[in-house]
Amino acid sequence: MSADVQLDGVWIKFGDFVAARDVNIQIKEGEFFSFLGPSGCGKTTLLRAVSGFLEPSDGTVRIGGDDMAGIGPNKRPTALIFQNLALFPLMTVWENIAFALEVRGVRRAERRKKAEELLELIALPGQGDKMCHELSGGQRQRVAIARALCAEPDVLLLDEPLSALDLKLRQHMRTELRAIQQRVGITFIYITHDQGEALTMSDHVAVMREGIIEQVADGSTLYDRPETAFVASFVGENNLFRGRVAEVTGEQAVVDTNVGPIRARMATHEGEAQLKPHEEAFVFVRPESLKFVNGGEFDNAIQAQIHQQEFEGNLWQVFLDVANSDKRIKMSLVNDGRSLGHETGSDVTIGFKAELAVALPQGPLAAE
Amino acid sequence: MNPRSYFQRFFLRNGRTLGTFILVAVAFWIFIMILMPQIFMVDFSFRHALPPAKVGGAEDVYTLEHYQYAVYGSAKAEGEYNTVDLKVFGRTLLAAIFVTLFDLALCYPIAYYLAQVASGGWGRLMVLSLIVPFWVNEILRAFAFRIMFGTTGVINSALMATGVLDEPYDFIREDWALYAGLGYAFILLMIFPLYNAIESLDKNQIEAARDMGASWLRIHFRVVVPFAKPGISSGCTMVFMLTAGALAAPQILGGPSSLWFTQIVFQWFNQGNNWNRGSAYALILLASTIVMVLIAMRIFKVKLGETIR
């Protein structure tokens, strides 16, 4: 059976509060799909609508082409991994894992066998007789995955399952999760507010803001070709310049900003340029796109003064003051073993290429 | 740590005035209020019932007379038992078990609803409406039940009006009123331990079980009940002990032909004017109920410490 997940015009309302606003999403079978957004953007609510704990106020949820309206969570081909895992504390590890089989009336010996297989898969062989509290955080995490997989779902739903782990373990579990997904080959729908998690693991990411899907794309497209100001400001770091479009030529626009005219690539949405002359616009430039101008070729040049330089090992973070603005520009330079060659406080010129800057219509920004 | 330095530290932490108060209060509570009455009862139960003049005299010696009486009565013949009292004793314990199980069955859904389903103001309103009736005196409540279950009471009237009964049913003679009254008397002591236990259960666990296809029945038996076991045992212990030792409800609601064991104890103290025998009977009841609770805990694998939590 195909296990495409399809959301058609899904609205979810709680009284006057709209948690999801006309969401249309197509998730292919076997895909690792993430919903990325700040807390409170409605991503968990959407997940609950897919898992069946919540009925959408309007629109349809389809799994494998079947309308899921009126079908409870116990009858859907989905399994949910909770943020706090929700392992049963009074059952042993193997009983936890095989709970879905117990529900179906499978005999004990067979349940035990299946649990052992899954323990093998999550690299915890022979740990079935322990209690969950005897395991470490990462191990419990893997038990929760095994428990969900034991139900043999077509779609696995994960609600920020890594948020309780420490940084190192989180990074390790990212690789682990991706590997497990590729081994079992089922659809994973992953909820997170951590863009690192979303970008590293997912085939596609939907960026959400206040119940609205801002953009659906793969990680590098989101990072390099954001379609809205929110995506540009939420995914990765960006320097923002406000201004007004002076001129549009082909795929590029010149925007008059407080640091002078900036030539930038115009963002397109479904092949159409989003800006016209005299419109208000944002220009975003990534810190790593900025360079010191030492006679090289640059489309844009900005006069600035070095406020502070931070050494991060692989990178130098340089913070620059510009005229007419209290917002500092951040520039990231790869540490190539040489010194920066500029003193703190000295006046410099920084530059960047037009195709590395993006001009977008003004809109809501991510909170800093 | 030696006691001397322990006390020094205790006074250092609490100050002299407060420290003294705590020590005196705790000592008063333990010795005067808990230990001494029980010790007197135990002592009483092993002495002959003597007129005041002879107390402390040559005849005032320890005896098993009252315990023998409870089992054998004043029987002269071998192999004859005090069937009247023993029957009442057995019936009291059996009825207390029945009332406890009935309360558990009744309160579990209520406690689950309050703890996991009801939200905010509605839940608080329900808790309040459970508590308020208990502001009314116990004896008044029992009389209210008597009126309700009487031959001309609300229940008989309703059953006759709807045609279920042709003539009034004597709920009091048949002890239904007694069981209903006893069941209601200690219902809060069942609800609140259950509520506390179920309330601390993570909602996600119920959802997780549901997500994996479990029916509601299985969710309760596999997830909620095991988690609430300490609360269940705590509630059952309280209700069982208090029901077995109840006096007001049996006095007022009991049928003419039925006695509660506490009523026999009361009779020995009051009408029989034999405090020694009354003490022995009371201690028999106390010891038996404690043993039964401990056996039940062993069977259901509950630890005493968990129950008190």
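Modeller: Gladly. The size of an interface is often given as the accessible area lost when the parts come together. Here chain A and chain B bury about 1800 Å² between them, and 57% of that lies on carbon and sulfur atoms. Buried area is the accessible area (1.4 Å probe) that two parts lose on being put together, summed over both.

Colleague: What should I keep in mind about the source and the numbering?

Modeller: This is a predicted model, where local features need pLDDT of at least 70 and side-chain atom pairs count only at pLDDT 80 or more, while totals for chains, interfaces and linings use all residues. Residues are numbered from 1 along each chain as its sequence is written, chains are lettered from A and ligands numbered from 1 in the order in which they are written, and side-chain values use heavy atoms, leaving out hydrogens and water.

Colleague: How many residues does the contact take from chain A and from chain B?

Modeller: Contact means heavy atoms within 4.5 Å. Chain A gives 22 residues and chain B gives 16 residues.

Colleague: How many salt bridges does the rule find across the interface of chain A and chain B?

Modeller: A salt bridge is a side-chain nitrogen of Lys or Arg within 4 Å of a carboxyl oxygen of Asp or Glu. The rule finds 4 across this interface. One of the pairs to look at is A:Glu102 with B:Arg218, at 3.4 Å from N to O. A network of salt bridges links A:Glu95, A:Glu102, B:Arg218 and B:Arg222.

Colleague: Which elements of chain A each supply at least two residues of the side that touches chain B?

Modeller: Helices (H or I, at least four residues) and strands (E, at least two) are DSSP runs, numbered from the N terminus. On the side of chain A that touches chain B, helix H1 (43-51), strand E6 (78-81) and helix H3 (99-103) each supply at least two residues. H3(A) has the largest share, 4 residues. By type, this side divides into 14 nonpolar, 4 polar and 4 charged residues. In that scheme Ala, Val, Leu, Ile, Met, Phe, Trp, Tyr, Cys and Pro count as nonpolar, Asp, Glu, Lys and Arg as charged, and the others, Gly among them, as polar.

Colleague: Now chain A itself: how many helices and strands does chain A have?

Modeller: Chain A has 9 helices and 22 strands, and its C-alpha trace spans about 75 × 50 × 35 Å along the principal axes. Of the 368 residues in chain A, 50% are buried. Buried means under 20% relative accessible area, exposed over 50%, and partly exposed in between (1.4 Å probe, protein chains only).

Colleague: Where do A:Asp203 and A:Arg178 lie?

Modeller: These two side chains meet in a salt bridge (2.9 Å, N to O). A:Asp203 is in the loop between helix H7 (195-201) and strand E9 (204-209), and A:Arg178 is in helix H6 (residues 167-184), 25 residues apart. A:Asp203 is partly exposed at 27%, whereas A:Arg178 is buried at 19%.

Colleague: Are A:Glu214 and A:Arg209 buried or exposed?

Modeller: A:Glu214 is buried, with 13% relative accessibility, and A:Arg209 is buried at 14%. Their closest N and O atoms are 2.7 Å apart in a salt bridge.

Colleague: What does the salt bridge of A:Arg244 and A:Glu280 tie together?

Modeller: The side chains meet at 2.8 Å, N to O. A:Arg244 lies in strand E11 (residues 239-249) and A:Glu280 in strand E16 (residues 280-285), so the pair ties together parts 36 residues apart in sequence.
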